Every structure is written in structure tokens, then in C-alpha cells.
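Hi there,

Here is the structure I promised to pass on. Have a look, and then read on for what turned up in it.

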Amino acid sequence: MIVVFTGGTGGTKLVQGLQQFVPPEELTIVVNTGDDLEWWGLHVSPDIDSVLYGLADWLSQDRGWGIAGDSFRCLERMKQLEQPSWFSLGDLDLATHLTRTAMLRAGRSLSEATAELATRFGVSARVMPMSDDRVSTMLDTAKGTLTFQEYFVRERHEVDVRAVYFEDAEQARPAPGVIESIGQADAIVFAPSNPVTSIGPILAVPGIRAALRRASAPVVAVSPIVGGVAVSGPAGALMRTMKWPSTIFGVAKAYEDFLDVLVADQSEESAVSQYPAVRNQQSAVAQTESHRAGNSSTTNHRSRSTRFVYANTIMRSMKDKRDLAAFVLDACTITSESAKA
Ligand code: FO1
């Protein structure tokens, strides 16, 4: 079984690539819910929906969120009625939120609602929220304390962030199946998601990080940083807020206690030695080693020193998604074999 941790839009692209190789019954996806919000009285889980729509092949390629070809007539009418309108819910997307909210109001958990929606969308892979308990990503900014969507969508991530925290994370429990999946995984993959606001909330749920540290399966992450900046969104700025370098070394640092392999963009391979801070961090954070299939080293993954490998991580086409997924699966196999050796 492959267990994928994801959030945001980049993560979904890798999940779509993995879907091409991994049978659905062998694919488990644990999704960030720190971005969830109550909007027009409905429970919206943007990252769960991106994964479900991506797997169902409904996802809008242009936007990276919502349903392809959706209309926004309800949104237009809500504007006329002087309702909040900075968060754009499409008409077809609304059906998802209405259904999920009805299920939650009927007393079902978010995991149950997600599994039921997946079935109704024809998605056979197992998609689960990080937790059934509400955890909210909050940002202390120059404009006060904001929820993730207020920061990301309403403020277009243009405000300075002083701190990021995950409200109510301490009391949250991992959703049923999350810890068990980590223990049973043949490989664990972190999608190229923002390590602070997409993966950070998942790791803040007590028990998940400890389970990853104990995992016997290889742990491979894909870096969202290309050419020293985030592929999209505010990952770089938020990593600096966390006092991590906004480089692939910052990504390695975020996962340092459980990560075996970091798949970095090929553009980083030559750039790595030029980062001024890198030489010092190299020994503390990660051992840099260019590694490709056929050129396997004998790093034992249990030592939890991170090895860097390089691939094209920018996923514009389905071919890019497939190629990166194949590379990631290859890195998992090589790491697992070298651990056995
Ligand atoms: N992102 C935007 O930039 N603007 C929006 O109006 C917007 C609406 C929206 C509605 C449903 C949904 O599932 C996602 C939506 N997103 C929108 C994307 C969302 O902010 C991001 O997917 C994440 O939360 C980032 O991880």
C-alpha cells in the first residue's frame, strides 16, 4: 500500500500521476483539513475536494481547484444579495458542500462523509482527512489573525505573516485508519505541498509524526521549491516565517526526523552548491547526494538521513504527472531495497 500525504493543488497533481500506476485499493491518501471553512453555512474541505475531483477526473486544470467547466451563477446571485463573495464556490461544487454538510449534520464524521462522497464520485482509492476533529490553520499577520482562506484567497497571500499555528491541533485525534495506514504502508509519499500550511497541520495532529518516525516503510517527499522559490503560492514566505530556509533544505528540515529521500527539481541540482547557507546545513539537515535509478547508494533508510534525488517536478501535463509519479515510486523501491541490503 502507498500512503500519500497531501494538501493544496500541487499535491493533487502527483496523486493523479500515482493513480496511473497504483491500483486504487493500494492507494491511501491522507489530506490536510486545516484549510476547511464554513462558507454560506456549508462545510467546505478544499483539499479533500481537490483530491476527490482530481481522482474522479473532474478537477479544473486551469484553476487547480473546483470542477472543470463549472459555472458561478449562485455566486453572482449571492453578490447581488450582498452576501460574502470573496471565496468562489462553483454551482456544481456547491452540490458537494451541500451533500457533505447534510451528512455531517446527520451525525456522520468527516471521514465517513469523505468515504461516502468518494464512492458516489466513483473514486475507489481510500481518501481520508487527517482528523475528524476540527483543526484550523491560523496566521498572525499585519492585518490581524486570519484563517487560512482569509489569508490565501481574500488577502491573496500578500500580507506579511508573523506566525502560523494550528488551532485545536493538540486535542485532535488522527482520523480512523491514519496511524494504521502508516504502519502498514509499503511506501509513504509526501506530495509537493506547502510544508507549512498543507502538511504542517497534518503533522500537528498528535500521533501522526510519531507514527512516521516509527514507520518501517521508506518515506519519500517531493519538494515544492523550484529554482529557490515555491512552484506556486506562499510556501517560500511561510517557510521563512518558520525560520526555515526557503530552499529544498528547508523542505528537508520540515521532515527531517522521518524523511529518507527528498525528490527535488532538476534545476536545484546545479543550484544547490550556490546557496550560501547550504554548506553548513548540509551536514546538519541532509546529506546531499545525486541519485538516480541505476546509480543506487546503500543509505539505510532507518538512519533517517535524507538523500536528495533530482527530477522534473513541474507538472504541466499528464505526462509530467506520470513521469514524476514513476520517479517517486522508483525512489521508494530503491530506498526500500537498500534498507533490506
Ligand atoms: N482559491 C482561490 O484562489 N480563490 C477562490 O475563490 C477559491 C475558491 C475555492 C472553492 C472551493 C475549493 O475547493 C477551493 C477553492 N480555492 C480557491 C482553492 C483553495 O483556496 C486552495 O485549494 C487551498 O485551500 C490551498 O491549499
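A helix here is a DSSP run of H or I with at least four residues, numbered from the N terminus. By that definition, Arg-214 lies in helix 9, residues 208–214. Please keep in mind that this is a predicted model. Arg-214 is exposed, at a relative accessible area of 60%. Between Arg-214 and Ile-182 there are 8.9 Å in space, C-alpha to C-alpha, although they sit 32 residues apart in sequence.

Ile-182 also brings us to the largest nonpolar core, which has 53 residues; Phe-5, Ile-182, Ile-188, Phe-190, Leu-212 and Tyr-255 touch the most other members. Helix 11 (residues 248–254) supplies the largest share of this core, 5 residues. Domain 1 (137–170) and domain 2 (171–340) both contribute, so the core lies between them.

Of its 45 lining residues, Gly-8, Thr-9, Gly-64, Trp-65 and Phe-152 are the closest to the centre. By class, the lining has 17 nonpolar, 20 polar and 8 charged residues. Domain 1 and domain 2 both give residues to this lining, so the largest pocket lies between them.

The second largest pocket holds about 150 Å³ of space. Its lining divides into 9 nonpolar, 1 polar and 1 charged residue, with helix 8 (residues 200–204) giving the largest share, 3 residues. Tyr-255 is among the lining residues, as are Pro-195, Leu-203 and Arg-209. Tyr-255 touches Pro-195, Leu-203 and Arg-209, and its other contacts include Phe-190 and Ala-221.

Best wishes

Note on methods. Residues numbered from 1 in each chain as written. Predicted model: local features only at pLDDT ≥ 70, side-chain atom pairs only at ≥ 80, totals over all residues. Heavy atoms only, no water. Core = buried A, V, L, I, M, F, W, Y, C linked by side-chain atoms within 4.5 Å. Buried < 20%, exposed > 50% of the residue type's maximum accessible area, 1.4 Å probe, protein only. Helix = DSSP H or I, 4+ residues; strand = E, 2+ residues; numbered from the N terminus. Domains from an automatic or database assignment. Contact = heavy atoms within 4.5 Å. 1 Å grid on protein atoms, 1.4 Å probe; cavity = no way out; pocket = protein on both sides within 12 Å on 5 of 7 lines; lining within 4 Å. Nonpolar A, V, L, I, M, F, W, Y, C, P; charged D, E, K, R; others polar. Points joined across faces, edges and corners; volume = space filled by probe spheres on them. Lists of a residue's contacts leave out its neighbours within four places in sequence.
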